[in-house]
Structures are given as structure tokens and as C-alpha cells.
Amino acid sequence: MVAEVLPAPRAALVAPSPDVLPGAGGPGARALAALLAGGRDERVLHVHERPARPGRPAPWPAWADPEVVAALGRRGVRAPWEHQVRAAQLVRDGRSVCLATGTASGKSLGYWLPALTAAREPGPAAWGGRGATTLYLAPAKALAADQLAALDELAVPGVVAAVCDGDTPPDERAWVRRHADVVLSNPDLLSRSLLPDHGRWAPFLRRLRHVVVDEAHVYRGLLGSHVAAVLRRLLRVADHHGAAPVVVLASATTADPGRTAQRLTGLPVEVVDEDASARGALSLLLWQPPLRPTPPGEGRDAVVDADVDPAPGRGTDAAPGPEPGDGPAGVSGAAGPRRPAPVEVAELMADLVVAGVSTLAFTRSRRSAEEVALDAAERVGARRPASAGAVAAYRGGYLPEERRELERALRSGRLRGLAATSALELGIDVAGLDAVLLAGWPGTRASLWQRVGRAGRRGEDAVAVLVAREDPMDTYLVHHPEAVVGSPVEEAVLDPENPHVLAPHLAAAAAERPLRPEELGRFGDPDHVRALLDVLVRRDLLRRRAAGWFWVGDGRPADALDLRGAGGAPVAVVESTTGRVVGTVDAGAAHASVHEGAVHVHRGRTYVVEHLDVEAATALVRREDVDVATSAREVTDVRVLAERAHRSWGPVDLRTGLVEVTSQVVSFRRRRTRDGRPVGGEEPLDLPPRTLRTAAVWWTVPEEVLARHGVVAPDVPGAAHAAEHAAIGLLPLVATSDRWDVGGVSTALHPDTGAPTVFVHDAAPGGAGFAARGFAAARAWLGATLEAVVACPCTRGCPACVQSPKCGNGNEPLSKPGAVALLRAVLEHADEDAPPPPR
């Protein structure tokens, strides 16, 4: 990517009159005018300019069905781009393909052209003369619904498309099995329903020619490893029914998409990554909100920066330190607290909507999405009352009918401003957006460009703004644009042979039909797979017979598979007076968000939680207009249960074993939404602790050793916390993990070790093998960690070394020099690494 970074953007940006009217210039010009009005150009620290480019069209392939071409023409597609034709031709030739081009480059045409053509071609007599079928898999229900809407608008004669997901009633599923040529679903339903019931899907599976894996870059870490096993199970079952489908993966730009695609599918994959689509110019503004101009209590500017949604099944990455949201997070050089990013984004979105600029704002939490939408709608309504309804929120936890309503409004253009969580990061067609706002760094460069790519979908100029949160990481990034636009995107890391993931999928595969010896290579190294099957036999889950391995356990093993680590069924939010289900909350987030007394915001309406029934997974709420928000305080602890291995490096102890990570929401506070001031004191909660038994690796360093290396007692928490972050970031070097697959806790004095201790633990119950591999390769792992921290040119710590995008304590306290000294102390007497643990 060619980038121009302008260190003095005010020479390049001219703030026009604040009275900007819709239609005055193109959407990009109107967006810049609205953003910079009123002297706000002082908040722009850097500008990244991505130039416009013309597209390279290509002729339609000779085999393309005329009805399909005509339908695409009615949708405005006069000619395909070169990359679309190349991908479609490879699919037509029976080659699996990874189409990894930019956002809004038209990837879907690359697979729908051959798929719809094949669906219209008459099949053999065994198929009843019907054409080939396609199974489309999306990581989110909204994306599958969006694709169905697009297929319905195409209205290709003779082709029946239908969604089949967790919201589909049983009678509709039966209709889909009998009639659909294209089934749009997700890996979860595929694993738990379609594959265990593949006999009922036999007519569809016999005709299966294409499997589409959309937004394939999402499948990283443990989720990616699970999906890799599900795809292997699917290809095996398809083979049983006489089909040999090609797999088409559509992915945003990632590092080495071909390797990721091969790991996901187990197949040789052709890569199409040269983007030939036309695109308008894009201006990416790195934006720092101003210092708060008014004392607390004199305006909305004092609202506390929004929280971050907990990731279900993920690690805590916690360390002793101030509670998030208590105030400034240690921004270097700040004379005082800056305006919170969500407040800034709400104001910007309101100005953009009034100027006629279609805008999408990404927030870091569900609560923040609701608050930004509400704030922006109020601002728009005060200036243009007729437009107040053009702003809304979009997040997880909405009811299916609410999601569909919002998606229709997006496609029709009735919504001009939308505050959303990462649910809209994926390739949903939002009918053309002119501006994208990000309330804080999304965590990875790949995610940043995916979100920024939502702007300019009509090929016109567009604007994106990264608004820094009051956070050291965000502050570093907007002051160092090379860390944002000058570095390559990350690779999607996954390990399809992770034994903790693969073993239960082998059990599920054996239940679908007995595993034959010649099939083992489909799941990885045959010796590795055979060893896992032997373990399942010893546990009396499988029986070994001459024909292969048979499932003999109770029930269906696929029912116990949790691909996403959601941690249980969602909690239903129910209105106590009517019994109406308002929405849902992820089980892992329920204790912190719908505890008794919590304020729950749903589509701009506020509810107060009367009771949380943990066992029934239900939160009873009453409708009440309140001007307060609630935030919970959670404490996390790690207890060592069993040690499995031990290494001594002089005075340093390195261990691995079983730990219990305990998290408990213990209290909450109320703050006025309009000024951030506390309302009353901290109120205790009586919620049960939640525990995660998992594997961990940890090391202890005596205080006197740290003191000898210059880390005195007051500096130990920051040193250990920074070392923990850096070690988690470098674990993929030896463990094939993703940063979100592990958590960490560091402490200046742990009761089980009696010394300063750093824990890095797997985020999956029982462990996922990452901690064990970190222990075995500790010298290489921690040595690389030290090298990375030392080599980083920053002075105080940055995202490239010791800051974490998922830290629960706002990356405080952190000490980069302390981390260097601690890691040197750990490695001073390090011996050679042991052989890697068995796979």
C-alpha cells in the first residue's frame, strides 16, 4: 500500500465554512468540511492519503449463464473486474480459491457467478435433473441475511436461496433441505446440526459443488482451528455422498492469505489477491480529541470513556492497577483529561449526518454504541428534527427481527448515521458510505483497514477518522502514523492440529460415520491423528474395529463443541411487567452488564435490571428513563492447582500446570451520563465467582534478584505487567496461538509462589496447548520477547512492545525499562529448551 503521511496536515486541509449544506461538492469534500468546521483541524495530527485508481474490467466468461449475467446487469454490473473473472474461472475449473482483495472490491461476484451458473445447469438423472448446490458460510448471521437479500434482488430464474441458522424454525429447515439450491449458514450450525444430521441433507449434499467461506480472515486462533476441523468434517461427509466441492474463501487483506486458506481447508488453494476494482480516494485522519474545555459537571464532555465488551472465553490479561474508566490512563504529556472518544465521535457523526454524509461509527462496546447513537440523534434532532430518526445503533444482542429491520434500513439508505460494534466490520452491503469513524483503535491493522474500507463503497472519495481514546496505545498511534499505515497487516494464526481442538472433532466425525484408516490424513498428520484416536479409545468414547473407529459414547459429540468459546447460553433480557424479551447478552458479559441495579440500554431506551437469575440465564428489567450509566468492578485471581513440569534457571523458577482463574463482579457504580459525575457510592453485589480451569505457564523472580537488576519494589507491578503483555504478544512465535487465545495475570507477590510472578494461561477450559508449548520453548519465547522490547525505538512503551489491545486495566501500570530488566533477570541463567510437547 502506497501511503503519504503528512506531518503538518493543516497545510493540506482547509477548514471551510461551518454552514455546510448537503450537495455542496462530493461526499468526501462534504465529509471533510463537516469534520473540520469550527476550527477542529487542530485535532488532526496526521493524514494518510490513499489515491483513487481506475478499475480494470474484463469480458464475461463464455460459460457464464446469460440469465445470471442479465440479473447482474440489472444490478448495475455491466462488466466484471479482472480479479473477479480470474477467481470465477478457477472455481469453474474445479480449483479451490482464496480471493483476498480489498474491502468493497466485489469478491462475492467471483463466487456467485460460477455458483449460480452451475445451479441453473441441468444435472444428472441421480439429481433429478437439478443443478449443483452451494453452501455459503458466514461468521455472522447478519452477513448471511445480507447475502440472501442480494440474491433475492438478483432473482435469477430457477435458483432458490435460503438462510438456515439458529433462528430458523424446524419446519423451515425441512423446506430448505428439500428446495434450496443455495443455503446460507454459519460454521456453528454446520457443526451442530447439518453434519450430525447429514443423512437428512443427502439430496443437497449429493449436488454440493461449492463451499463459500466468507470473511475467512475472521477465523483465527481457537475459532479458526475449530472451523478448520469443521470444514474437514464437511468435505469428508460430502465425499461420502459422492460430492467433491471446491472451497472458495473470501478474505480481507492479510499476511500470507494462501497459507491461512490451506490451514483452514486442508486443500491446495489458488490465491487471487491483485485487486482490479475501481476505488475513490480515501483520507484517513488520525485524530486526538481536545482537552476538556469545561469543568466536570458543565456538559456532556465529562462522560467517562466507554467500556470494552468482554470477549467470551478469552483471558483476563489483568494486572494490579487502577480500574478502567477512573480517569486519564497515563497519556504522556497530557495537561488534563481529554474529551472521551465516544463523545467526540457522537458530535462528529451528528455534524456529518446534518451535512448529508452517510456515516458509520465503530465503537468498542455495545453500551458505547447505544450511547453514541443516542447522543448523535439528540444533536441531529436539535438542528434538524426531521432527521433525528436517521441515526441508530447496531450491535449484538438485538432480536432477529430488529437486526433485519436495521439491515433493511441500511440498504435502503433510510439510516444516515449508524453507531455499531464489530458486527458491521464484516462485508455487509450498507448501500454506500461516505465516512467511517472509529472510537478507538480496533486492536489490529487488519481490523482497522476492514472497518475503514466500509467507506467509499460507491467508488467516490471518502473519509475515515481514527479518534484516539484516553489510552496510551491510542495516543501513541495517532502520534506515530508509521505504526498504523507503515506496517503490514497481521497474519491470521491458527493451528488445525491443536490436539485440544482436533480430538473432540474427531469424535464428532466418527459419530457422523465411522472413521476409516485411509481418511486420517484428511485431518492432518496420520500418526498425530491416530494418537488422538487412541486416547479417545482409552476414554471409552470410540471403539477400534477392523473397518475403523466407531463412536460409542453417549449422545452426539457435536453438541458439546463450542466453536466460539461463548461460555454458555446467552442471557435473555426480559421486561418484568410484560414478559417480553427485550434482547440478549452474552453469558460471559452478563455479570458485568445486567447485574441487579444495572442500567441496560437497548435501541436508545433505558431499562433498570431488577434481578439477574444466573441459573435460568434471565435478567428481569423494567422500563425506566434514567440519566445514569452503571459500571461494574471485577476482581481476578489465579490459583495454582497442580504443577505438571518445572525448570530452574538459577534463582528463577519456570513452571507449567493447571490453574484456576477466578473472576468475580463485586460492586458497581452509577455515573450521570451527561457529566460523568458519580451518583452515590460504590454498591456491593453478591454474584457468584466464575472460574476457568485451564493450563498456564508462569515464572517467578525473587525480589532480591529484581533489585539487583534495578527493579525496586514500587516498580515491580509495572515491570511484571509490561513483561506479561510482551510475552503474550510473542507467544505465537512458538505456540501457533492468537493473542486473544490466551490471558495473563501478573502480581508483585503471589500467595502460591511467594514471589513476583507472571502467569500466561490458555483461555479455553482445560487448556489448548499454548501454555505447554510456551513452557517447552521458554528460552526461545522469552528471548524473542526481550529482543522485541529492546529493539522497539519507543522510550515509554507502545503497541509494538509492551502495550496490549485487550488489557483490562487500560495498559496501566506499565514500565518498559522494568520489563527489560525483569526479562534479563529471567533469562540470565536460562538453559536450553526442552523438546516440544507431543502434538
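These are my notebook entries on a predicted model of one protein.

**Ground rules.** I number residues from 1 along each chain as its sequence is written.

**Overall.** I looked up the secondary structure and found 25 helices and 28 strands. Both are DSSP runs numbered from the N terminus: helices are H or I with at least four residues, strands are E with at least two. Of the 839 residues, 56% are buried. Buried means under 20% relative accessible area, exposed over 50%, and partly exposed in between (1.4 Å probe, protein chains only).

**Contacts.** I count a contact when heavy atoms lie within 4.5 Å. Among contacts with a separation of 6 or more, 76% join residues 24 or more positions apart.

**Cysteines.** How many disulfides are there? I count 0 disulfides, a disulfide being a pair of cysteine sulfur atoms within 2.5 Å. C801 is in none; the nearest cysteine sulfur, from C794, is 3.6 Å away. C801 is buried at 8% relative accessible area. C164 is buried too, at 0%.

**T584.** I found T584 in strand β19, residues 581-585. T584 is partly exposed, with a relative accessible area of 27%. Leaving out residues up to four places away in sequence, T584 touches R366, G397, P570, V571, A572 and V573.

How values were computed
Predicted model: local features only at pLDDT ≥ 70, side-chain atom pairs only at ≥ 80, totals over all residues. Heavy atoms only, no water.
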